[in-house]
Amino acid sequence: MVFGVLLVQALELVFLNWGVPALLGVAHTWRCIIPVLAIAPLGILMGMPFPTLVAKSGQTSVTLLPLAWGVNACATVLGSVLATISSITMGFNRTWLIAMGMCLAVLLLVVGRHWQERMPTGREMAAVPTT
């Protein structure tokens, strides 16, 4: 899913730089509809992990639910403020690239965690009989 977010972000960056200027001559109705359609895939891909993780954490520990909602709320508020400030000071493209870098970091963490869980531990390796 994180790879999908990265792919859609790259396509969005291309669309924002070259597609949006081409839309300036289009009727107002289409200028309202096309950006919504362009942003929808990214919103869906980025919006799915949180409810999934909340459902999983609710199954394991009820006390984690308020913490998850609190962390999500803080990250949402701080992220939007920092993205606005970053866009004003560094420009929209650099802010977008920073966001893509953060998504890439998450992808690397997820892959590393998955790889770590699949690696046998020292005890498991010692228990394997040698021939």
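**Ground rules.** The model is predicted: local features need pLDDT of at least 70, side-chain atom pairs count only at pLDDT 80 or more, and totals for chains, interfaces and linings use all residues. Numbering runs from 1 along each chain as its sequence is written, and side-chain values use heavy atoms, with hydrogens and water left out.

**Select the protein chain, as cartoon.** You get 6 helices and 0 strands. Helices are DSSP runs of H or I with at least four residues, strands are E runs of at least two, and both are numbered from the N terminus. Read from that end, the order is α-α-α-α-α-α.

**Show the C-alpha trace.** Along its principal axes the trace spans about 75 × 40 × 30 Å. The radius of gyration is 20 Å, while a compact globule of 131 residues would have one near 14 Å. That radius is taken over C-alpha atoms, and the globule rule is 2.2 Å times the number of residues to the power 0.38.

**Colour by burial.** Buried residues make up 15% of the 131. Buried means under 20% relative accessible area (1.4 Å probe, protein chains only).

**Select Glu12.** Glu12 sits in helix H1, residues 2-22. Is Glu12 buried or exposed? Glu12 is buried, and has no salt bridge. A salt bridge needs a side-chain nitrogen of Lys or Arg within 4 Å of a carboxyl oxygen of Asp or Glu.

Leaving out residues up to four places away in sequence, Glu12 touches Ala38, Ile39, Leu42 and Trp96. Contact means heavy atoms within 4.5 Å.

Key
Buried < 20%, exposed > 50% of the residue type's maximum accessible area, 1.4 Å probe, protein only. Lys, Arg positive; Asp, Glu negative; His and termini not counted.
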